[in-house]
2 protein chains.
Amino acid sequence: MDAQTCLRTLRAVRQFRDEPVPDDVLNDILEAARWSGSAKNTQPWQFVVVRNRDTLTQLSRLGQYAGHLARAALAIVILTHGDAFDAGRVAQNMMLAAHAQGVGSCIAWIFPQQSALQLLHAPSGYQVSAAISFGYPAPVVRKTIEGQPLERVLSSMGRKSLSDLVHYESF
Amino acid sequence: MDAQTCLRTLRAVRQFRDEPVPDDVLNDILEAARWSGSAKNTQPWQFVVVRNRDTLTQLSRLGQYAGHLARAALAIVILTHGDAFDAGRVAQNMMLAAHAQGVGSCIAWIFPQQSALQLLHAPSGYQVSAAISFGYPAPVVRKTIEGQPLERVLSSMGRKSLSDLVHYESF
């Protein structure tokens, strides 16, 4: 997939087929993560790849809208020391790398953090910046999140126009 | 450029040729920004495109390592209400879209924030998440940042190996 198409067509995918993500695709996702930039090249992240169904199910209960983790082929949990901007950059790289291979993804916000950190045996000092579900998109998509209509959960549908977002020289 | 190459080869570029970035390339960068995902699709960002040399110079003085802004063809300042993770996602999308067109970029951290917000006439309630320089890479690259050797400014050179970053099932 060309880069421009990949950047413009990535969308959150919450419903997945029951089909594993091959190791070479996982490797592509992790290589994209590894090459992400970070402030002063601190590379302030560690990644935990979870395929165990029981662990995925337990993670899916840690967060109001984290249910998609239970149905994912795998999840990657991003651990940092609190570097949210860099965590966003690396998350984006992973999701784009997956999308380029036809694999969907969705970010889950995890809380309580401490339960996830214990579950993953993370050393002290780490935070869970995000857990990302990965899997091949389901052929039929329900227009709900955790049983609620999309419009009730999301702040908006679609994207704002450039004229609502962009200013020239000053605001 | 294919997506995988784009994701693996993006690097910070701090030195630029004296050559404008065409409007269609800027539009690609802004479209990639517009289509970025965000928590609950809040799209919590506004973008200020700066080409005015005086404004770029003033911005370049707001931050210890922001000097590259003075030499950029343009900068895009990301204003948010403090959503650092989402700001990181949208910054990454912009930098990848630029890279796919041969345009280099570098993130600057801006402070004091208030000076930049006043300079850009930003409404109250916004923060400067980052200012990103864009321009065509200089043919000869100095291995310094603000006159200091790269190794003295950056935490590390190159990237960690996957074996230093990735854990399976638990940490």
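In this predicted model, helix α2 (residues 23-34) of chain A packs against helix α4 (residues 84-99) of chain A at an angle of about 150 degrees, and their axes lie 8 Å apart. Because angles over 145 degrees count as roughly antiparallel, α2(A) and α4(A) are therefore roughly antiparallel to each other. The crossing of these two helices, α2(A) and α4(A), is right-handed. On the α2(A) side the contact is made by A:Asp28, A:Ile29, A:Ala32 and A:Ala33, while α4(A) contributes A:Val90, A:Asn93, A:Met94, A:Leu96, A:Ala97 and A:Ala98. Sorted by class, the contact of α2(A) with α4(A) has eight nonpolar residues, one polar residue and one charged residue.

As for confidence, chain A averages a pLDDT of 96, with 100% of its residues scoring at least 70, and the model scores ipTM 0.96 and pTM 0.97.

Five strands form an open sheet with mixed pairing, in the order β7(A)-β1(B)-β2(B)-β4(B)-β3(B). Its edge strands are β7 (166-168) of chain A and β3 (104-108) of chain B, each of which pairs on one side only. From one strand to the next, the twist averages 25 degrees. Two of the pairings are set out here.

| Strand pair | Sense | Bridges | Residues standing opposite |
|---|---|---|---|
| β1(B) and β2(B) | antiparallel | six | B:Val48 and B:Val77 |
| β7(A) and β1(B) | parallel | three | A:His167 and B:Val48 |

Turning to the interface as a whole, 59 residues of chain B are in contact with 59 residues of chain A. On the side of chain B that touches chain A, the elements giving two or more residues are α1 (3-9), α2 (23-34), β1, α4 and β7 (166-168) of chain B. By class, the side of chain B that touches chain A has 31 nonpolar, 17 polar and eleven charged residues.

Conventions:
Residues numbered from 1 in each chain as written. Chains lettered and ligands numbered in written order. Predicted model: local features only at pLDDT ≥ 70, side-chain atom pairs only at ≥ 80, totals over all residues. Pairing = 2+ DSSP bridges. Helix = DSSP H or I, 4+ residues; strand = E, 2+ residues; numbered from the N terminus. Axes fitted to C-alpha atoms, helices over the stretch in contact; angles between N-to-C directions. pLDDT = per-residue confidence, 0-100. Parallel < 35°, antiparallel > 145°, perpendicular 65-115°, else oblique. Left-handed = near helix turned anticlockwise from the far one by under 90°. Contact = placed C-beta atoms within 7 Å. Nonpolar A, V, L, I, M, F, W, Y, C, P; charged D, E, K, R; others polar.
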